[in-house]
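Open the model in your viewer and keep the sequence panel beside it. The stops below say what to select and what is there.

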Amino acid sequence: MSPQTEKLLEEVLRLPLEERELFASHLLESLDDEFADEAAWSAEIKRRVDDITAGKTQTTPWSEVRQRMLDYKGE
């Protein structure tokens, strides 16, 4: 933990109980947002993999994609 973070923690721990609870609640909410984003991406990746596995999605070989990128003229 950085010295700045340690100092902040010491200050927060000196707050009255109600304010510490509120502070902790806000911290946990910020983590929930981050985990929700990760969960959404995980679900999207799973959906895409499932579509490929089930043959619902056609893939393009890397060599073809690479060539398209090299040929792209920025239209």
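A residue counts as exposed when its relative accessible area is over 50%, as buried when that value is under 20%, and as partly exposed in between. Keep these cut-offs at hand for the tour of this predicted model.

**Whole chain.** Show the chain as a cartoon. There are three helices and zero strands, and from the N terminus on the elements run α-α-α. The radius of gyration is 24 Å, well over the 11 Å that the globule rule gives for 75 residues, so the chain is more spread out than a compact globule. Along the principal axes, the C-alpha atoms fill a box of roughly 60 × 30 × 25 Å.

How much of the chain is buried? Buried residues make up 3% of the 75 residues.

**Helix α1.** Select residues 3–13, which form helix α1. E6 lies in this helix; its relative accessible area is 39%, so E6 is partly exposed. Next pick L13, also in helix α1. L13 counts as exposed because its relative accessibility is 53%.

For a distance check, pick the C-alpha atoms of E6 and L31. These residues are 25 apart along the chain, and the two atoms are separated by 19 Å.

**Helix α2.** Select residues 17–53, the span of helix α2. D32 lies in this helix.

Then colour the charged side chains over the whole chain. There are 10 positive and 18 negative side chains, and the centres of the two sets lie 10 Å apart.

Move on to G55, in the loop between α2 and α3. Is G55 buried or exposed? With a relative accessible area of 58%, G55 is over the 50% cut-off and therefore exposed.

**Helix α3.** Finish with residues 62–71, which make up α3.

Key. Residues are numbered from 1 along each chain as its sequence is written. This is a predicted model: local features need pLDDT of at least 70, side-chain atom pairs count only at pLDDT 80 or more; totals for chains, interfaces and linings use all residues. Side-chain values use heavy atoms; hydrogens and water are left out. Helices (H or I, at least four residues) and strands (E, at least two) are DSSP runs, numbered from the N terminus. Buried means under 20% relative accessible area, exposed over 50%, partly exposed in between (1.4 Å probe, protein chains only). The radius of gyration is taken over C-alpha atoms; the globule rule is 2.2 Å times the number of residues to the power 0.38. Lys and Arg count as positive and Asp and Glu as negative; His and the chain ends are not counted. The place of a charge is taken as NZ of Lys, CZ of Arg, CG of Asp or CD of Glu.
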